[in-house]
Amino acid sequence: MCGRFAQPRSSDELARLFRARPVSELPGERFNVAPTDEVAAVVEHHGERQLDVFRWGLVPVYAETARQAARMINARAETVETSPAFRVAFARRRCLIPADAFYEWRRDPAADPDRRRDPRTRPQPYAIRRVDGAPMAFAGLWGVWRDPATARRLYTCSIVTTRAGEALAAIHPRMPVILEADDQAAWLHENTPIPQLRPLLHPAPDGVVEAYAVSPAVNNVRNNGPELLDPITRWTEPVR
């Protein structure tokens, strides 16, 4: 899964990098984005790329309240085509969610499960980022939910995940689908046939991303700053 990520670049910078027109402003310097936070995402309307703001956690159109958002931050690649919550978005409403890194947690296999309060046995957070330093483009889905009580529209999104590649599987079995530049246009175009979308939902090849241990300060969603992405050395060496 992907439950936390860093999106530190401003809307203007992301719009330039992804050749999109910014239609909503979101400040940068966001190093600890959590479920239900607002995130910047790239969508395509009538052939034009736009950078807009969405709430992270897709709310299905059939939901009675927006509370389901926190449970729908990820869509599994294996079932996204048939899932009642995601199949419409997969067919017609796809987006790119930029991120400089995402976080996953790994528990020491030798840790004693009966000593969960011991800091030495708590899961170690890792940051995963592109080796070349460029922002990642997560395959995303977006939707519009109308509040039945107020008729207010809520624009939400979810990150598509797949099995982790060999290099990351020791940390977590899942990872976001990271789209390379050559695949992003097909993902965004609303008329791309579904058979052409399925091959895009694969793990990042070895050598594209790297992972390294970071401070447990990232565990607290109130913490935010570039130091969250600084590497540390703990009981395990950085995964390469």
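Q: How far apart are the mean positions of the positive and negative charges of the chain?
A: In this predicted model, the mean positions of the 33 positive and 30 negative charges lie 6 Å apart, where Lys and Arg count as positive and Asp and Glu as negative.

Q: Why is Ala20 called buried?
A: Buried means under 20% relative accessible area, and Ala20 has 14% relative accessibility, so Ala20 counts as buried.

Q: Where does Ala20 lie, and which residues does Ala20 touch when those up to four places away in sequence are not counted?
A: Ala20 lies in the loop between α1 (11-17) and β2 (21-22), and, with residues up to four places away in sequence left out, Ala20 touches Ala15, Val42, Arg49, Gln50 and Leu51, a contact being heavy atoms within 4.5 Å.

Q: How far apart are Ala20 and Arg122 in sequence and in space?
A: Ala20 and Arg122 are 102 residues apart in sequence, and their C-alpha atoms are 41 Å apart in space.

Q: What radius of gyration would a compact globule with 240 residues have, and what does the chain have?
A: A compact globule with 240 residues would have a radius of gyration near 18 Å, and the chain has 18 Å, so the value agrees with the globule rule. The C-alpha atoms fill a box of roughly 50 × 40 × 35 Å along the principal axes.

Q: What share of the contacts with a separation of 6 or more comes from residues 24 or more positions apart?
A: Such residues account for 69% of those contacts in the chain, whose secondary structure comes to four helices and twelve strands, while buried residues make up 51% of the 240 residues.

Methods. Residues numbered from 1 in each chain as written. Predicted model: local features only at pLDDT ≥ 70, side-chain atom pairs only at ≥ 80, totals over all residues. Heavy atoms only, no water. Helix = DSSP H or I, 4+ residues; strand = E, 2+ residues; numbered from the N terminus. Buried < 20%, exposed > 50% of the residue type's maximum accessible area, 1.4 Å probe, protein only. Rg over C-alpha atoms; globule rule 2.2 N^0.38 Å. Charge placed at Lys NZ, Arg CZ, Asp CG, Glu CD.
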